[in-house]
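Here's a walk through how one chain packs together, with the geometry spelled out. Take a look at the model first, then read on.

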Amino acid sequence: MTHTAGLADPVEGPGATTCAQFSNMYRANSGIEDTFFTWAQGYMSALNMNVLTSKLPPRELAGGVATQKGTIRSYCADNPLKNYMDGVIELYKKLPHQKL
């Protein structure tokens, strides 16, 4: 995984990797997706915590892991210049709200 030089990025780790880089790594070794998806789950959990502080319903993160991974892979295939994080955000927006 690489990090671009320049101004400090607000995101570190797999999320800062371009979709093209992720796709290439996935093709070389599909097991790398577990590392990326672990990051994605943590990121979405943080998004949920932020939503909860605003007294809004969080998203349902549990279940459908294979489908969730596939959604991010598809996003990255269609958007190679975007970051993996962008695919995670798109997935997050599609998840149903939890019932509080």
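## Helix packing in a predicted model

Setting aside neighbours within four places in sequence, Asn-48 is in contact (heavy atoms within 4.5 Å) with Pro-58, Arg-59, Leu-61 and Tyr-92. Asn-48 sits in helix H2 and is buried, with a relative accessible area of 7%. Here buried means under 20% relative accessible area, exposed means over 50%, and partly exposed is what lies in between (1.4 Å probe, protein chains only).

A word on ground rules: this is a predicted model, where local features need pLDDT of at least 70, side-chain atom pairs count only at pLDDT 80 or more, and totals for chains, interfaces and linings use all residues. Residues are numbered from 1 along each chain as its sequence is written, and side-chain values use heavy atoms, leaving out hydrogens and water.

The chain has four helices and zero strands, giving the pattern α-α-α-α along the sequence. Helices (H or I, at least four residues) and strands (E, at least two) are DSSP runs, numbered from the N terminus. Of the chain's 100 residues, 33% count as buried. Among contacts between residues at least 6 apart in sequence, 68% join residues at least 24 apart.

Now for two helix pairs. Axes are lines fitted to C-alpha atoms, for helices over the stretch in contact, with angles from 0 to 180 degrees between N-to-C directions.

| Pair | Angle between axes | Axis distance |
|---|---|---|
| H3 (residues 65-78) and H4 (residues 84-94) | roughly 130° | within 9 Å |
| H1 and H3 | about 120° | 8 Å |

H3 and H4 are therefore oblique to each other, and H1 and H3 are likewise oblique. On this scale, angles under 35 degrees count as roughly parallel, over 145 as roughly antiparallel, 65 to 115 as roughly perpendicular, and the rest as oblique. As for handedness, H3 passes H4 in a right-handed crossing, while H1 passes H3 in a left-handed one. A crossing is left-handed if the near helix is turned anticlockwise from the far one by less than a right angle, and right-handed if clockwise.

Who touches whom? From H3, Gln-68, Thr-71, Ile-72, Tyr-75 and Cys-76 meet Tyr-84, Asp-86, Gly-87, Val-88, Glu-90, Leu-91 and Lys-94 of H4. By class, that contact has six nonpolar, three polar and three charged residues. (Ala, Val, Leu, Ile, Met, Phe, Trp, Tyr, Cys and Pro count as nonpolar, Asp, Glu, Lys and Arg as charged, and the others, Gly among them, as polar.) From H1, Cys-19, Phe-22, Ser-23 and Tyr-26 meet Arg-73, Tyr-75, Cys-76 and Ala-77 of H3. The contact of H1 with H3 divides into six nonpolar residues, one polar and one charged.

Which residues of H4 are buried? They are Tyr-84, Met-85, Gly-87, Val-88, Leu-91 and Tyr-92. Seen down the axis of H4, these fall within an arc of 155°, so they line one face of the helix. The arc is that of the directions from the helix axis to the C-beta atoms. These buried residues of H4 pack against helix H1 (19-28), helix H2 (32-53) and H3.

In H1, Cys-19, Phe-22 and Ser-23 are buried. They cover an arc of only 100° around the axis, which puts them on the same side of H1. The buried residues of H1 pack against H2, H3 and H4.

Finally, Asp-78 is found in helix H3 and is exposed, with a relative accessible area of 63%. The C-alpha atoms of Asp-78 and Ala-20 are separated by 9.6 Å, although these residues are 58 apart along the chain.
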